[in-house]
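Please work through the following exercises with the sequence and the structure at hand. Each task is followed by a solution in steps.

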Amino acid sequence: MLTLQQINTDKEAVIESLKIRNRDYSKEINLIIETDNLRKQTQAEQDKALAEANNLAQQIGKLFKEGKGDEAKSAKEKAGQLKETSKKLTSQLNEIKEKLNTLLSEVPNIPNKLVPAGKTDQDNFEINSGGEKPKLHDKAVPHWDLAKKYDIIDFDLGTKITGAGFPVYKGKGAKLQRALINFFLKEAEISGYTEIMPPLMINEASGFGTGQLPDKEGQMYKMEVDNLYMIPTAEVPVTNIYRDVILTEDDFPIKMTAYSSCFRREAGSYGKDVRGLNRLHQFDKIEIVQIQHPDKSYETLDIMVKHVESLIKKLELPYRTVRLCGGDLGFTAALTYDFEVYSAAQEKWLEVSSISNFETFQANRLKLRYKSKNDKKTKLAHTLNGSALALPRIVAALLENNQTPEGIKIPKALIPYTGFDIIN
RNA sequence: GGAGAGAUGGCAGAGCGGUUGAAUGCACCGGUCUUGAAAACCGGCGUACCGCGAGGUACCGGGGGUUCGAAUCCCUCUCUCUCCGCCA
């Protein structure tokens with residue numbers, strides 16, 4: 001969430017920047033400032049009352065020691081009154097603080113200047129593309145048919161065991177998953193990321209830290225009995241490693257990668273979008289996370305984009321890179337690049353990666369800070385993350401694009417990991 | 001699951017109702033000394049909020065209570081450790 005400091009220093013600029021999200025937040029921002037002023041005022045009153053009470057209590061202590069019981073008694077009465085007023089003020093203050101927090105957590109991140117105007121994903125700005133759309137043979141079919149033909153992914157079986165959106169990978173299908181996981185992890189390792197194997201369930205504090213709670217509670221599976229959530233992405237447990245941490249500048253950059261299964265309820269999705277591997281409740285993803293000095297986070301974002309691009313290139317998939325427009329930009333992000341690969345049989349672009357700079361938005365919730373060398377103050381760090389990469393749609397594109405009458409060819413870069421070069 | 005012990009500053013560890021934001025040691029930073037370093041000595045050393053400032057307030061795992069006054073007493077939650085049970 002935004003800091004009060006950000007809002008108080010330049011309220012107009014905040015409101016103006018948020019307009020690119022196609023909404024006017026001036027009402028919210030003004031209410032926040034108003035509430036904050038009330039907070040300050042109430043706190044000043046409370047501090048005064050408490051100071052007086054503290055003083056009095058000390059005096060009473062002294063009087064008792066000196067054996068002046070009578071004087072102490074009258075002082076006690078006065079203290080009792082003070083206590084009541086301070087109690088009232090305290091509960092008022094708590095209420096105000098809670099309101100302020102709620103208000104603050106409802107304002108999205110300030111978009112970077114590079115974010116283009118627009119409402120939907122149609123308005124995203126294409127900044128790059130590569131690879132070539134393959135020419136498929138006459139009898140080419142979408143990946144869900146290929147999955148059945150070669151018996152590598154069984155959607156019905158998943159439905160039987162669990163429900164829709166939980167596919168079962170079999171034989172070479174399972175091996176392909178494992179190969180992709182190892183390939184992505186290896187590439188991340190080469191780029192200097194430390195591998196993390198995180199818990200797949202998280203508590204409330206972690207969900208709040210990275211911004212899934214309270215905004216996206218409905219997207220997560222919840223274990224009511226233990227009050228835990230299944231992770232929607234490894235971003236959550238991995239970034240939360242640094243919750244409540246104060247770093248030194250020398251610690252930057254912190255680079256972590258993690259493979260995990262991800263669980264999303266995807267309530268409200270339907271139709272073509274969810275066919276086959278296009279949208280699942282459980283899927284596998286390799287995530288890269290960086291924690292960086294504010295001066296260097298955008299440089300880092302570009303490096304992360306390059307990393308993802310190199311993965312897709314090695315897999316020889318046609319892709320395009322887009323910068324998300326204001327309407328498509330996530331609540332917590334300041335700038336996001338998406339990668340889409342072309343899935344030739346369904347003739348669709350599929351989003352396979354999303355790389356974002358959150359600036360201090362997550363760090364503020366996480367209380368993730370660093371000690372500045374210059375002025376020795378603690379300041380909020382910048383957090384970034386990206387998918388590198390999510391498996392299902394990559395698999396969809398690989399299957400569809402590489403299908404031949406003889407079988408599905410495996411891209412060269414992946415063969416050392418699969419141990420086979422064709423699925424037939 | 002049962003029984004017990006515990007949670008204090010970066011770490012270790014005192015304090016167990018009154019001037020304790022908290023002894024002491026280590027670590028860390030600045031200085032003296034030294035050719036340099038070590039040692040020794042001197043000084044500094046938590047976070048947040050309010051205030052132009054002096055200063056004030058809050059924080060000893062979280063929340064609540066008792067009291068004029070709580071790190072200290074009570075309740076509750078969470079977590080850690082030890083023993084027993086169960087178990088991949």
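This is a predicted model: local features need pLDDT of at least 70, side-chain atom pairs count only at pLDDT 80 or more; totals for chains, interfaces and linings use all residues.

Residues are numbered from 1 along each chain as its sequence is written, chains are lettered from A and ligands numbered from 1 in the order in which they are written, and side-chain values use heavy atoms, without hydrogens and water.

**Exercise 1.** Determine which residues of helix α2 are buried (under 20% relative accessible area; exposed is over 50%, partly exposed in between; 1.4 Å probe, protein chains only).

*Solution.* 
1. Helix α2 spans residues 11–18, and its buried residues are Val-14, Ile-15 and Leu-18.
2. These residues lie on the same side of α2, because they cover an arc of only 95° around the axis.
3. The buried residues of α2 pack against α1 (4–9) and α3 (26–65).

**Exercise 2.** Characterise the salt bridge (a side-chain nitrogen of Lys or Arg within 4 Å of a carboxyl oxygen of Asp or Glu) between Lys-170 and Asp-154.

*Solution.* 
1. The N to O distance is 3.6 Å.
2. Lys-170 lies in the loop between β3 and α7 and Asp-154 in strand β2, so the pair ties together parts 16 residues apart in sequence.
3. Lys-170 is partly exposed at 26% relative accessible area, whereas Asp-154 is buried at 19%.

**Exercise 3.** Describe the salt bridge between Glu-340 and Arg-320.

*Solution.* 
1. The closest N and O atoms are 2.6 Å apart.
2. Glu-340 belongs to strand β12 and Arg-320 to strand β11, 20 residues apart.
3. Glu-340 is buried at 13% relative accessibility, and Arg-320 is partly exposed at 23%.

Definitions and conventions: Helices (H or I, at least four residues) and strands (E, at least two) are DSSP runs, numbered from the N terminus. The arc is that of the directions from the helix axis to the C-beta atoms. Contact means heavy atoms within 4.5 Å.
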